[in-house]
Amino acid sequence: MTKLWLSIVGIGEDGLDGITAAARVVIETADILIGGERHLAMVPTKDGDQRRITWSTPLLAQADSINDHKGRRVCVLASGDPMWFGIGTTLANRVAADEIAVIPHAGAFSLAAARLLWPLDAVDCLSLHGRPLDLLSAFLHPGARLLLLTENGAAPAKIAEYLTKRGFGSASLTVLEHLGGAQENILTGTAKTWPHGPCADLNTLAVQVNDGPGLTRLAGLDDDLYLHDGNITKREIRAMTLARLSPFPGDLLWDVGAGSGSISIEWLRADRRNRAIAIENKDSRRSMIAQNAAALGVPQLEINGNAVPGALDGLPEPDAIFIGGGVTAEGLIERCWQALKPGGRLVANVVTLEGEGLLVQARQTHGGDLARFMVQRAERVGRFHGWHAMMPITQWSVIKE
């Protein structure tokens with residue numbers, strides 16, 4: 001006996017004409033049809049007792065109650081491919097896998113790539129629906145190609161202005177309106193001289209970055225890119241620290257005593273699926289963390305302003321923990337160790353003898369490696385140059401078995 005009760009059907013601008021016969025049957029035989037006003041209007045009203053539900057704001061509240069309809073045949077209409085920044089992902093996190101089926105349609109990204117002849121595997125695809133434009137920053141570099149799901153018809157002009165302010169005014173922009181439908185239309189221009197007014201609300205924006213001040217996604221960005229009060233993990237140490245933290249896509253980092261936020265910011269820049277919580281109880285530093293995160297393309301960084309170790313209570317279980325400050329807080333190291341997942345990585349950096357003593361004890365208890373790093377940078381000494389040594393860093397790194 002099948003448990004399947006929920007179907008999610010992707011539908012395009014061509015409406016029912018563009019879907020398969022099987023998808024049409026799913027729609028027609030559903031007891032409950034759910035979707036936005038635009039999608040529901042594409043499906044003729046049928047005789048019988050089929051119930052229609054229109055998504056409302058906030059959508060997540062309705063998604064959370066989707067299981068209330070279990071036992072009925074439910075069909076949710078979605079734009080294009082429901083698993084590309086779509087409702088399919090949201091509902092798949094709330095319904096058992098053997099109770100749900102997804103029937104995709106060609107999505108906006110696929111259709112845009114087909115029109116532009118762009119290889120989709122070489123394009124960064126992002127959604128800016130309800131998301132800040134600063135997300136773009138991490139993906140901007142000479143030669144980059146982006147496909148963006150925009151929020152509305154005013155978005156292309158705002159994005160053009162944003163790109164110009166960031167030094168990417170020469171970027172080529174293509175707006176693809178109503179892809180796959182009778183009203184399909186294409187508008188082109190450059191960011192600096194964007195010639196068009198408001199576009200259709202239903203649009204996808206293609207960005208070809210031609211030149212500009214791109215930043216590497218690898219760890220070790222220049223210290224001068226960060227606002228800080230001196231409390232920053234210097235770029236050389238930062239690169240080695242992140243190598244030890246070993247971010248994998250989708251991993252969650254606790255950045256304890258975050259200072260400027262440089263570790264958690266570069267953790268997030270490593271992969272857009274990564275997550276991080278910067279824990280910093282000083283107001284001035286939290287402000288700098290937020291500004292740094294926005295400027296470097298990771299405004300999604302979560303910032304926790306409570307003092308450790310209490311700040312750790314109730315946080316989601318981390319895959320990695322970095323302790324950059326507050327290591328001498330009573331019980332902090334042990335609290336972090338207990339929270340860490342099996343296979344998780346913990347790295348702590350200190351500059352004081354007291355902190356170093358705690359790391360020696362932690363290594364005796366939990367194993368791992370101790371290392372000391374000292375960085376010297378060449379600086380001007382009158383008419384000449386000499387080596388200026390920064391404070392040595394003691395680092396404890398360990399993998400929890």
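Modeller: Happy to! Glu 266 and Arg 238 are both buried, where buried means under 20% relative accessible area, exposed over 50% and partly exposed in between, with a 1.4 Å probe and protein chains only. Please keep in mind that this is a predicted model, in which local features need pLDDT of at least 70, side-chain atom pairs count only at pLDDT 80 or more, and totals for chains, interfaces and linings use all residues. Residues are numbered from 1 along each chain as its sequence is written, and side-chain values use heavy atoms, with hydrogens and water left out.

The side chains of Glu 266 and Arg 238 form a salt bridge at 2.6 Å, N to O. Glu 266 belongs to helix 8 and Arg 238 to helix 7, 28 residues apart, so the pair links distant parts of the chain. A salt bridge here is a side-chain nitrogen of Lys or Arg within 4 Å of a carboxyl oxygen of Asp or Glu. Helices (H or I, at least four residues) and strands (E, at least two) are DSSP runs, numbered from the N terminus.

The two helices pack against each other as well. Helix 7 (residues 235-245) and helix 8 (residues 262-270) meet at an angle of about 60°, and their axes are 10 Å apart. Those axes are lines fitted to C-alpha atoms, for helices over the stretch in contact, and angles run from 0 to 180 degrees between N-to-C directions. Helix 7 and helix 8 are therefore oblique to each other; angles under 35 degrees count as roughly parallel, over 145 as roughly antiparallel, 65 to 115 as roughly perpendicular and the rest as oblique. From helix 7, Arg 238, Thr 241, Leu 242 and Leu 245 meet Ser 262, Ile 263, Glu 266 and Trp 267 of helix 8, contact being heavy atoms within 4.5 Å. Those residues divide into four nonpolar, two polar and two charged. In that scheme Ala, Val, Leu, Ile, Met, Phe, Trp, Tyr, Cys and Pro count as nonpolar, Asp, Glu, Lys and Arg as charged, and the others, Gly among them, as polar.

For another salt bridge, turn to Asp 313 and Arg 335, whose side chains meet at 3.4 Å, N to O. Asp 313 sits in the loop between strand 13 and strand 14 and Arg 335 in helix 10 (residues 332-339), so this pair ties together parts that are 22 residues apart in sequence. Asp 313 counts as exposed at 54% relative accessibility, whereas Arg 335 is partly exposed at 25%.

By the same rule the count comes to 21 salt bridges. Among them is Arg 115 with Glu 184, at 2.6 Å, N to O. Arg 115 lies in helix 5 and Glu 184 in the loop between strand 8 and strand 9, so the pair ties together parts that are 69 residues apart in sequence. Arg 115 is partly exposed at 35% relative accessibility, and Glu 184 is partly exposed at 28%. Helix 5 (residues 108-116) has Phe 109, Leu 111, Ala 112 and Ala 113 as its buried residues. They pack against strand 6 (124-127), strand 7 (145-149), strand 8 and strand 10 (203-208). Just after helix 5, Leu 117 takes a positive phi of about 60°.
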